[in-house]
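The sequence and structure are shown here for reference.

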Amino acid sequence: MLFGRGVGADRIAYFSDAVFAIAMTILVVDLRIPDGATNVVEVLQADGNGYFAFALSFVIIALSWVGHHRRFRWVREHDTGLIWINLVLLFLIVSVPFPTALLADFGDEALAVALYALVVALIMLMQAVEWSYLYRRGMLDPRIDESLHLQVVWGYVPAFVVFIVSIPIAFLVAPHVALWFWLIQVPLGPIMGVLVNRSLDRRFPDGGRANAGTAVQDAEAGTQDDETSRESLRSEDTSAS
């Protein structure tokens, strides 16, 4: 197919950068000084939920952009499937301001918390799907091996699981409990990372991550920036809370 596959993915990356930036900027639109407020303390007390939701969403989008930026440095080709997968991811990213506003105004309602958690979980899922699609279709730099592919995919699992599990908690227990449950991601992410690393070390004892740094340096002299980028993929923190 003439237009089905092409070299590089710069235009996809540049377009995505713009969408991420716009989504992050829109978040601040809902932050307003309440009518009748006479001092800063009153403002913070009146809209504390709004500031919390804004900060949380900003971090989620920011971490998602960092991961997207790092991954696309290793994309060497693109096809129609990648374009559509990336558009689905961007759709979810630009959707974040809406559940953020709901969380700010109705944080004590289960539906608002559940909708926010669902959007975040889907963002984590789509990032893993996009990376796996790139690898399986052979559109990544050949230095990205199976172990690194799996490590990045598994890096999204803790955040996905935490936000998905928080949905029934919001309905069956209480919305505020679901909000506190999101904090489990803080210790769960590093713990999961250690377990995944050990598992991959056992699965790829000869050509895995331990020898990756040397392989990259031997493959392309003078590409310290690429080596740093590859290492950043390994240690990428995909936690969104």
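Predicted model: local features only at pLDDT ≥ 70, side-chain atom pairs only at ≥ 80, totals over all residues.

## Helix α3

The residues of α3 that are buried are G50, A53, L56, S57, I60, I61, S64, G67, H68, R71 and F72.

## Packing of α3 against α4

The axes of α3 and α4 come within 11 Å and cross at roughly 165 degrees. Since angles over 145 degrees count as roughly antiparallel, the two helices α3 and α4 are therefore roughly antiparallel to each other, and α3 passes α4 in a left-handed crossing.

At this meeting of helices, α3 contributes I61, S64, H68, R71 and F72, which are in contact with L82, N86, L89 and I93 of α4.

## The largest nonpolar core

The largest nonpolar core holds 54 residues, of which I61, I123, L140 and W182 touch the most other members. At least two residues of this core come from each of α1 (10–26), α3, α4 (80–95), α5 (97–105), α6 (110–136), α7 (146–155), α8 and α9 (175–181), with α6 giving the most, 15 residues.

## The site of S166

S166 lies in helix α8, which runs over residues 157–172. With a relative accessible area of 0%, S166 is buried, and once neighbours within four places in sequence are left aside, S166 is in contact with A117, A178, F181 and W182.

Technical notes. Residues numbered from 1 in each chain as written. Heavy atoms only, no water. Buried < 20%, exposed > 50% of the residue type's maximum accessible area, 1.4 Å probe, protein only. Helix = DSSP H or I, 4+ residues; strand = E, 2+ residues; numbered from the N terminus. Contact = heavy atoms within 4.5 Å. Core = buried A, V, L, I, M, F, W, Y, C linked by side-chain atoms within 4.5 Å. Axes fitted to C-alpha atoms, helices over the stretch in contact; angles between N-to-C directions. Parallel < 35°, antiparallel > 145°, perpendicular 65-115°, else oblique. Left-handed = near helix turned anticlockwise from the far one by under 90°.
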